[in-house]
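Hi,

Have a look first, and my notes follow below.

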Protein chains: 2
Amino acid sequence: MSRFVTLKDVAERAGTTIGTVSYVLNDRKGRYISQELRAKVLAAAEELNYIKCNGASSLKGMDRRLIGILIPQYENQFFTRICVAAEEVFASHGYDLIICDTFDNPEREKGIIHRLLSQRVDGLIVTPSLKGSENTRIVRDVGLNMVVVDRPLEGFDGYYWVTADNYGCGYAGGMDLYRHGHRSLIYIGWASGISELESRERGFRDACSGCEVFTYNAGFSAKSGYETTMRAVKEHPEATAVFFGFNVQAQGGVNVFRDLGLRIGEDISVSLIGSPEWSYTGNNDFTHVHMGDYEIGKKAAGILFDLIRGKEVPSKRVIQECTLIGGTSVKNIGGIE
Amino acid sequence: MSRFVTLKDVAERAGTTIGTVSYVLNDRKGRYISQELRAKVLAAAEELNYIKCNGASSLKGMDRRLIGILIPQYENQFFTRICVAAEEVFASHGYDLIICDTFDNPEREKGIIHRLLSQRVDGLIVTPSLKGSENTRIVRDVGLNMVVVDRPLEGFDGYYWVTADNYGCGYAGGMDLYRHGHRSLIYIGWASGISELESRERGFRDACSGCEVFTYNAGFSAKSGYETTMRAVKEHPEATAVFFGFNVQAQGGVNVFRDLGLRIGEDISVSLIGSPEWSYTGNNDFTHVHMGDYEIGKKAAGILFDLIRGKEVPSKRVIQECTLIGGTSVKNIGGIE
DNA sequence: ACGGTATATGCAAACGTTTGCATACAGGAG
DNA sequence: CTCCTGTATGCAAACGTTTGCATATACCGT
């Protein structure tokens, strides 16, 4: 079907051999090449539109220039922002990203990892699927560089891991509500079974010690967030604030207030962990705890890149700091400030 | 760094030669292999965890098992759904997807295409960046299969192209508002300079002939959608309905009504083109024109797959039908039904 | 006994690269 | 006049596959 120009074609055109062409095009040192010949080679490559074949050069031990990324949910902006950050790090060095959605299905994840190994990717950035950590064993076995993001790799240790400060996020959110005088709170969370993620609730409760906290667990979707929030608010009308531990659930959950005719920041206070870009508005913003998704992606990609280049990477574990962003969705009802 | 098992390793273990191993593992016909030897090879491959190297086999003319996808905006769900659909088509055949965000920047796009050609992808699904059509010339020159999605490839013809029915989407949305009795309307659109996309407005206007239509153009973001809508609503309080030509703009724009205290479906009617999954709610849904994003992705990927397999693809141009999904955001103010 | 065919396996070339080694001709020092 | 060093280039092996060709044995019909 498609016909690509090879080194041989370029060599013929320039009246030399493929070896010389390779040296010129890769700008290798340790070999003398006359200005005249170099120019002829460059011109020939340009005229013929030569495009190097990564697959062939990787056979000789060169980088494949491919990075694999595994995320559990394509439509979750937390993960897409990580991908965007990784892309920025790698694209400038000529690497392409293969981004795969495991849909949190370990079987699927297993197949994906196998395919990526088949592609001989140079490295992997992985958010393990629920119950799927074991799938990454083969990655370690073949000695491929890998950086884990967000969730931990259960049953392994000594791996590189970049996460949000989950406990800190919960704590910051809880403390903010406490400071604004709220003492009766609803916490909407996700019973993922991953203790690292569930530590958001621990942080939240630690910050609001002495308060009434009604915890509800929703599924990992806007729809479930809506339904659960509806139930929670109806069962606990005394609560003055609702806190969402997960962005996706908040996205659905906030519509409950609209449907019930409750004014956010007035009749009910609301805040959440994550970045509510789904709610852009001129002057009526949600208080939220920013997890630093972009920075997480940047750091994970940076570590992976260093590993690929053979650089020493000192710390195995990186915890991204979080930031509380105050908005107008939390009302001060007699708190400290 | 990483060490992979090769055919040679498997052959040694099974006490045979690499040629035979290749035949067994690929299940090729046209060659006799005893059950005994076949079993031994299979066992050896299993024990050693052999993983084929796509790069090497593609040198011999096999498929690279890589597909490139170019989209202009990673965070736009219209495009991510297309990617998800394409993934479903290709993953089952062992292909990986390299999804690249051009950010609508032609320079960037040029680099991306060059990188993908370097990877020797088997085919390309492309939404050309604004003003970037010329970048795809090289794809045609090397004879690589390509399917264009959404926007046209300006200055080319004879290419495969799958789009939404942009005119029809606008028409359906306009007709729905007209039927509900609305005669004074705001249309929020995007002056992209791409006539195919701007035909949404033509369709809208054609459906509402005889009505007053106030057109405002916003940038391609939620923020710009918010600001433009705010201006439009303030300048034309007499309008009974607002129609958004683009999902992203609607996502920001609808918050205007909340901020102004206008009840959607009561004080103001609202509908849009796209899928407002950002607004999940139990019983208060937006009327919208569904473009069939998923189907577009499915069809584009299907065509590309057929092309790769050398199948004849009859029609160069596919237009996806749209569907009007009635919600509760449009009030009947004395229309026909 | 002989040719033919079905079964079973090995050998080696080729794909497009990279790179170590060999070759060749200068000019300068001894 | 030789030897060395610097400059300039070609040759061929290797990477991990795929596949056409060659080889070898067994069994059958004549």
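Two strands count as paired if DSSP finds at least two bridges between them. Strands of a sheet pair through backbone hydrogen bonds, either parallel or antiparallel.

Before I go on, some housekeeping. This is a predicted model, in which local features need pLDDT of at least 70 and side-chain atom pairs count only at pLDDT 80 or more, while totals for chains, interfaces and linings use all residues; side-chain values use heavy atoms, leaving out hydrogens and water. Residues are numbered from 1 along each chain as its sequence is written, and chains are lettered from A and ligands numbered from 1 in the order in which they are written. Helices (H or I, at least four residues) and strands (E, at least two) are DSSP runs, numbered from the N terminus.

Within that sheet, β8 (residues 241-244) and β9 (residues 269-273) of chain B run parallel and are joined by four bridges. Axes here are lines fitted to C-alpha atoms, for helices over the stretch in contact, and angles run from 0 to 180 degrees between N-to-C directions.

Now the two chains. Chain B superposes on chain A by a rotation of 180° with 0.0 Å of shift along its axis, at an RMSD of 0.1 Å. The two copies are thus related as by a two-fold rotation axis. The same surface serves both: 100% of the contact residues of chain B (contact means heavy atoms within 4.5 Å) recur in chain A. The superposition is by least squares on the C-alpha atoms of residues with pLDDT of at least 70 in both copies.

Next, some helix packing. In chain A, α1 (residues 7-14) and α2 (residues 18-26) pack at about 100°, with axes 8 Å apart. That makes α1(A) roughly perpendicular to α2(A) (the word covers 65 to 115 degrees). Contact residues are A:Leu7, A:Lys8, A:Val10 and A:Ala11 from α1(A), and A:Ile18, A:Val21, A:Ser22 and A:Leu25 from α2(A). In α2 of chain A, A:Ser22 is partly exposed, at a relative accessible area of 26% (the class runs between buried, under 20%, and exposed, over 50%, with a 1.4 Å probe and protein chains only).

In chain B, the axes of α2 (residues 18-26) and α3 (residues 35-48) come within 10 Å and cross at roughly 85°, so α2(B) is roughly perpendicular to α3(B).

Finally, two backbone angles to check. B:Phe103 is not a glycine, yet its phi is positive, near 50°; its place is the loop between β2 (96-101) and α6 (106-118) of chain B. B:Lys131, also not a glycine, has a positive phi of about 65° and lies in the loop between β3 (123-126) and α7 (137-141) of chain B. B:Phe103 is partly exposed at 43% relative accessible area, whereas B:Lys131 is exposed at 82%.

Notes. Angles under 35 degrees count as roughly parallel, over 145 as roughly antiparallel, 65 to 115 as roughly perpendicular and the rest as oblique.
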